[in-house]
Structure formats: C-alpha cells, structure tokens
Amino acid sequence: MKAILVHTPGGPEQLQLSEIPIPTPEPGQVLIKISYIGVNYIDTYFRTGLYKADPPIAIGMEASGTVEAVGAGVRNLAPGDPVAYCMARGSYAEYAAVPAWQTVKLPSGISLDTAAAALLQGMTAHYLTHSTFSIKAGTTALIHAAAGGTGLLLVQMAKLLGAHIIATCSTPQKAELARQAGADEVILYKDQDFAAEARRLTGGRGVDVVYDSVGAATFHKSLDSLRPRGMLVTFGNASGPVPPVEPLLLSQKGSLFLTRPTLAHYAATEEEFQWRAADVLNWIALGRLRVHIFKTYPLADAPQAHRDLESRATTGKLLLKP
Ligand code: NDP
C-alpha cells in the first residue's frame, strides 16, 4: 500500500510517498481501508522533529473509512462498518490497523469526509470546554486562531455552552468565519494588541479563560488578558513552543492558573474517548456543530497540504484522500 513516511525530520519535502505492506490487525485492533485522512498541526511537529519518534516516522493521527478486518477480541465493530478513528499514528496511508477503542462507528447522516474532518479537533474542543476549563453561561473566553480547524469547533462549542467569546485571527476573511461560528468580538492580532483589546472589551477585568494554540508568539499577552485567578490553557505550538516560565510570574499577574493539556490524557480510556466522540458526531448530525472543510488534497500532495497549513493560508480543516 501507499503511505507517507519521514526518514529525516525536516520540511514538507521530507513527507515521502512510500510502498509498505498492508498491516495485519493485532488483537483488539481493526484494519481500516481509509477514505479520508484528517491533517492536523501535530503532523507537522512529528515531521519537523519537535515531537520525537523513531524513523521511518509514520505521519497522521486521524482518518475515516471502512472496516476491512478485525483482530481477535473485537466485538463491537465488523467488516463493512463505516468508521473514524484518531490518536493512533500512521493515517497518511491507504490502510491503518488501529485500536478498536479509539475507533467509532459513524452514526447515520455523518459522511466519511465530515467524520475525518471533525473527530480529533472536535474531541479537542470538547475536552477543552468541558473538562480542562468547564465553560458555563456567561464565561468570557479568549480563543486564538479562531478560524483554524480546531478554532472554529472550539468557538462553536464554547458558544453552545453559553460563553461570551473574544476571538483572534489574522485576516478580515478569517474574522468573518469566526463571527459566523459564534464569536461575539474578533481581534485581528497581527494589527492590534490583543491583550489591551481583551481588557477593553471586558471593562478592564480580563477574561476568565484563554485558549491559546499559537504558543510562543502569544503566551505572555495571553497571561496579560486574564482576570485574577483566570486560566491560561496553552494547548499548541503553531508559532513555536513556549519557552520555560517562572511560577512566580503567575502570582505577579494575578494568581493565575496555567495548564498545557493534550488530547491523549483527556481521551485516555475507552469510556472517555467514546463519550467525547459520540457527542461530537451526534451534535454534527443534529446540526448543532458545523464542519468547515478547506480543501481535500491527494495523498501524494501531503507536502503541499503542510505548506498551506503552516503558511496560515487555510481555514477550517484540510483532508487528504488516498
Ligand atoms: P489550524 O487550522 O488552527 O492552523 C494553525 C493556525 O494557527 C493558522 O491558521 C494561524 O491562524 C495560526 N497561527 C498563528 N501563528 C502562526 C504561525 N506562526 N504559524 C502558523 N500558524 C499560526 O491548525 P489545527 O487546528 O490543526 O491546530 C491548531 C493548534 O491546536 C495547533 O497548535 C495544534 O498543535 C493544537 N492542537 C492541540 C491539541 C491538544 O490536545 N493539545 C489537539 C489538537 C490541536 P491565523 O492566521 O488566524 O493566525
């Protein structure tokens, strides 16, 4: 089968189309014939070596498709089932053998492209708004990169929970998308000081929570945007990883809370994984959540998909098709 592998971490050109054997499902695994592959920013971290793995590095954490075969002990899925999965690496391929507990059978009304576009980023938005910081009616949330794949779902989910949302993004076109998703205010953070704006928009108080996936470039101003005892959820490195910080800084800026969560720890059991996945897919089926697909690229064009994602030219989700 065809698969994208990285032999030497580096730029998008290191994503090499290779020929490898179709995997055999081990006990507890399902073999999926892949229809659509979700591109996530984390794929670029494994490609560049920011996140470590032994070469050849299989890229991709998410896909949808049809169950081809099941390993011993798998009872809830059968050949022919339409499914999606996330959090097992190696989805930039024609087939993947993945744990059944990280795979969900698609409810009727959910297409394969929508599922591949929604699962990982939707489950991320779910844990960020329900578990890391539990959003309530009236919570004021600052959400960075709000027109991105994760950002658009995060804005919608925070809105469903009753948040007042201040969003940031880089262009007026992205601002319009963020507004359509439910943002009450949008700051163009390349042109405006977002911390000063967030304070102004909250009458000087600061926001209750900041969801920051941008990382190094926004970290300090995100702290400056918070009310006393507010929480900074720094959950990504799109502009680079945040350098070390002194805990005393959190005291000086208002006894702040700082957390650096990752989906793996918030979808750590089958029960938790399936709960978040079912919520996301059911809300889409009911029309409560909308999925915005930017573009579907052929698998061989994975390098171009990474270039587009890293150049800030995209909105919503990028997919690959084997
Ligand atoms: P996005 O679609 O959000 O793309 C990244 C966006 O980040 C860009 O479109 C851009 O929006 C913004 N950005 C700001 N500065 C930069 C920069 N210097 N270079 C590139 N982009 C920049 O990607 P994803 O939705 O896939 O991921 C978003 C973030 O969420 C990533 O950091 C990812 O690692 C993180 N994430 C974390 C998870 C976790 O559990 N911890 C799970 C899933 C995602 P703009 O032009 O508006 O600035």
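In this predicted model, the ligand is surrounded by 31 residues, and the closest of them are Tyr127, Thr150, Ser170, Tyr189 and Arg312. Sorted by class, this shell contains 13 nonpolar, 14 polar and 4 charged residues. Several helices take part in the shell: helix H1 (41–48), helix H2 (112–132), helix H3 (149–160) and helix H10 (302–310) each provide at least two of its residues. The most is given by H2, which contributes 4 residues. The space that the ligand takes up is the largest pocket.

In the side chain of Ser170, an N or O atom is 2.5 Å from an oxygen atom of the ligand. Ser170 is also listed among the residues closest to the ligand. For the side chain of Gln121, the corresponding distance between an N or O atom and a ligand oxygen is 3.1 Å. Leu263 takes part through its backbone, where an N or O atom is found 2.8 Å from an oxygen atom of the ligand. On its own, the ligand has 910 Å² of accessible area, and the protein covers 92% of this area.

The strands are arranged in the order E2-E1-E4, and their pairing is antiparallel. Strand E2 (16–19) and strand E4 (57–58) form the edges, each pairing on one side only. Strand E1 (residues 2–6) and E4 run antiparallel and are joined by 2 bridges. In this arrangement, Val6 is placed opposite Ile57 of E4.

Two features of the backbone are also noted. In general, most peptide bonds are trans, and most residues other than glycine have a negative phi. Ser255 is located in the loop that lies between helix H7 (247–252) and strand E14 (257–259).

How values were computed:
Residues numbered from 1 in each chain as written. Predicted model: local features only at pLDDT ≥ 70, side-chain atom pairs only at ≥ 80, totals over all residues. Heavy atoms only, no water. Near = heavy atom within 4 Å. Polar contact = N/O pair within 3.5 Å; in protein donor to acceptor, adjacent residues only side chain to side chain. Areas by Shrake-Rupley, 256 points an atom, 1.4 Å probe, with all protein chains shown as cover. 1 Å grid on protein atoms, 1.4 Å probe; cavity = no way out; pocket = protein on both sides within 12 Å on 5 of 7 lines; lining within 4 Å. Sits in = over half its atoms within 2 Å of the grid points. Nonpolar A, V, L, I, M, F, W, Y, C, P; charged D, E, K, R; others polar. Pairing = 2+ DSSP bridges.
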